Amino acid sequence: MEFFTVSKTPRPVRLSEETRRFADESLHSKYGRETWATPSVCLDGLPDDPSRTSLDLYDIAIRKIAEEAPVRIVDGELVSGAATLGVAITHNVPAMIGGHSICSSVSHLTVNFEKVLKIGINGFDREIDESLARHKGEETKERFLQSAKSVVASFRIWHERYLAALKEKGMDENYDVLTRVPFEPAKSYREAVQSIWFTFAWLRVCGNWPGFGRLDKMLSPYLEHDLDAGILTLDEAREILAHFFIKGCEWVRGEECGSGDAQHYQNIVISGIDADGNDITCRATYLILDVIEELGIGDFPTSVRLNKKSDEKFIRRVAEVIRHGGGVIAIYNEDLILDAMTGFGYPLSEARNFANDGCWEVQVPGKTCFSYCPFDSLRILQHETLGGRTLTYPDFESLFAAYSRDLYAKVAEITDGINGRFADTSVPACDWEWKDGTPCTCVSIFEDGCIERGTSYFEGGAVYNVVSPHIGGLPDTANELYAIKKLVFDDKLVTFEELNKILLNNWEGAEELRAYVRSHYRFYGNDNDEVDMIAARIIDEFAAHAAECGKRTKVFLPCGVSTFGRQIEWAPGRTASAHGFRYGDVLAGNFSPTPGTDFEGTTAIIRSYCKADLKKMVTGAALDVSLLPSSVAGETGLEALVGLIRGFLSLGGFFGQIDVADPEILRAAQEDPEKYATLQVRVSGWNARFVTLNREWQNMVIERDTKK
């Protein structure tokens with residue numbers, strides 16, 4: 001069997017036929033359809049109890065999930081455990097009352113799987129007991145910790161059900177591996193893989209969407225020990241890891257679902273340095289790349305931490321995997337990110353362990369409660385600074401200063417919203433108390449700080465509480481400001497009043513001027529200093545505003561640049577734009593050029609992007625890069641891709657999402673979806689099978705990937 005690829009380079013075959021068959025079944029929706037056969041557990045029969053709190057109900061729900069969620073054992077699987085309740089796929093706890101979930105669940109986090117490997121769930125249970133003793137008499141903390149005890153007990157029930165099912169099916173090897181983990185520390189590579197997966201599956205069956213973080217770093221000690229001791233071979237280790245990846249496709253349903261079928265934040269980060277500054281790239285790193293390359297599974301978007309000292313052989317291996325397409329591999333510039341995080345105030349040892357939130361926003365894994373607040377900077381320019389196309393300015397600097405003031409107002413509004421999460425902000429910020437949050441004990445157990453403090457993840461329990469303002473539409477904002485500067489102030493082709501009228505009329509009757517703008521001005525993404533430095537100035541202003549607002553809140557307020565596809569939903573709220581676009585056009589994604597405006601090639605795009613001081617965007621600034629298969633074919637193409645990655649790092653990029661895509665294949669997939677069922681594309685911080693995107697999202701991806 002062959003998994004679909006846009007590359008002419010054939011995928012290698014290293015895995016067994018049985019493993020590849022299992023992958024084919026999973027990618028073609030067999031297990032996703034089974035999951036939706038049982039949407040949730042039902043709590044309708046609970047007796048009325050006026051004293052029952054939302055946390056009480058949560059504990060009851062988690063126990064019922066543990067007792068009743070279907071147990072799925074697949075013949076031949078090397079890793080056991082499955083999230084088998086369909087409502088969990090919708091970002092809700094899959095326990096229903098009156099047809100509604102009891103509460104939403106948790107995403108945008110990476111839990112402490114490494115600690116699970118080291119101390120086991122029994123170790124967490126002991127820590128809960130110790131914290132209960134410390135917080136005796138503190139009613140709220142005691143109640144949270146009692147919930148933690150209840151969740152661990154429920155986890156044991158679920159674990160015991162899987163052991164019983166494995167024993168009944170005679171799968172003795174799987175049974176033996178699962179007997180110890182994840183409740184005891186892992187002792188072998190296979191136990192480590194099983195421990196991480198089973199803990200992850202438990203969190204998922206309860207509705208949560210965690211990321212994995214640094215998988216190679218976690219698995220390496222166990223893999224190296226077992227290889228050195230002759231306990232297993234590298235080929236056997238690859239097969240076990242392949243089953244881990246295949247299990248991660250269990251929510252694939254093969255049907256249209258808006259923004260795609262794999263948006264569950266189960267991201268992986270590989271390579272880079274450890275807390276002591278040592279390179280961790282290892283055989284586990286290469287095994288992960290092997291599995292991604294052969295199976296093309298995009299449900300674990302994988303980011304590679306690279307730096308100026310990264311080995312050339314390793315970068316070449318990364319490039320080999322990237323050029324198969326599917327956008328599974330993205331690039332972090334480790335050197336710049338460490339500067340960004342330490343400059344913001346993170347200790348170096350914590351910064352060196354960075355991963356992401358299960359999407360791509362940078363955080364300290366297992367210690368961070370993360371959320372972000374996206375906003376459309378282009379709408380601010382059009383509706384606030386320009387008053388819906390009624391205001392004029394005497395010169396460009398006056399216009400930019402007004403825009404900066406409006407940008408500050410938006411960041412201040414976001415900060416006020418964040419402060420609404422606290423009960424009383426009239427006292428000093430150090431004394432602010434969080435309001436009651438949505439029950440989330442399952443993930444709280446696995447986030448450092450929560451057990452120790454006796455406080456849940458949503459109520460300030462984590463070590464770092466981060467809310468990141470994310471500026472969207474930035475390339476278009478820079479482009480529109482640049483177009484106004486050129487048309488009105490520099491070239492004096494129209495007055496401000498005349499331009500406003502043209503744009504209010506959606507460019508009707510001004511097609512000649514619109515064509516002139518589109519053909520004569522070189523917008524962001526073409527290595528044009530004049531427009532690129534406007535984008536860089538906006539970045540500087542945004543970071544300064546966030547730093548100022550950060551002084552009046554208790555949470556960390558680092559910045560980021562993203563759209564995550566929101567350019568689709570934002571389009572109806574924008575007017576026609578001075579850089580030649582009409583009302584309703586879907587414009588730039590993340591920090592990437594406006595579709596149809598980049599003419600100078602990928603290197604020019606990277607140069608434009610890197611002119612901004614990206615260290616100021618501490619949680620990230622994503623650049624989407626799309627390459628044609630022909631451009632990366634053969635040895636010459638591979639060398640070019642390696643050079644592109646090196647250039648991204650040396651110029652000061654932050655996060656690059658590199659996809660190899662052929663728009664003609666994407667259009668063919670629109671017309672014959674069954675033939676292209678496993679075709680993967682990078683969407684934003686996630687991947688999806690292209691045919692599961694709705695038409696609007698598909699067209700956005702095609703437009704983004706079409707070379708002008």
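How close do the axes of helix H1 and helix H9 come, and at what angle do they cross? In this predicted model, the two axes come within 9 Å and cross at roughly 10°. H1 covers residues 17-27, and H9 covers residues 234-247. Because angles under 35 degrees count as roughly parallel, H1 is roughly parallel to H9.

H1 contributes Thr19, Phe22, Ala23 and Ser26. H9 contributes Glu239, Ala242, His243, Ile246 and Lys247. Four of the residues in the contact are nonpolar, three are polar and two are charged.

Ser592 sits in a loop. This loop runs between helix H22 (567-570) and helix H23 (602-610). Ser592 has a relative accessibility of 6% and therefore counts as buried, since the cut-off for buried is under 20%. The side chain of Ser592 reaches the backbone nitrogen of Asp624 at 2.8 Å. Leaving aside neighbours within four places in sequence, Ser592 is in contact with Asp624, Leu623 and Ala622, and also with Pro475 and Tyr524.

Val681 belongs to strand E17, residues 680-682. Its relative accessible area is 1%, so Val681 is buried. Beyond its neighbours within four places in sequence, Val681 touches several residues, among them Gly326, Asp659, Leu666 and Val701. Trp686, Asn687, Ala688, Phe690 and Leu693 are also in contact with Val681. Ala262 lies 419 residues from Val681 in sequence. In space, the two residues are 11 Å apart, C-alpha to C-alpha.

Definitions and conventions: Residues are numbered from 1 along each chain as its sequence is written. This is a predicted model: local features need pLDDT of at least 70, side-chain atom pairs count only at pLDDT 80 or more; totals for chains, interfaces and linings use all residues. Side-chain values use heavy atoms; hydrogens and water are left out. Helices (H or I, at least four residues) and strands (E, at least two) are DSSP runs, numbered from the N terminus. Buried means under 20% relative accessible area, exposed over 50%, partly exposed in between (1.4 Å probe, protein chains only). Contact means heavy atoms within 4.5 Å. Axes are lines fitted to C-alpha atoms, for helices over the stretch in contact, and angles run from 0 to 180 degrees between N-to-C directions. Angles under 35 degrees count as roughly parallel, over 145 as roughly antiparallel, 65 to 115 as roughly perpendicular and the rest as oblique. Ala, Val, Leu, Ile, Met, Phe, Trp, Tyr, Cys and Pro count as nonpolar, Asp, Glu, Lys and Arg as charged, and the others, Gly among them, as polar. A polar contact is a pair of N or O atoms within 3.5 Å; within protein, one must be able to donate a hydrogen and the other to accept it, and residues adjacent in sequence count only if both atoms are side-chain atoms.
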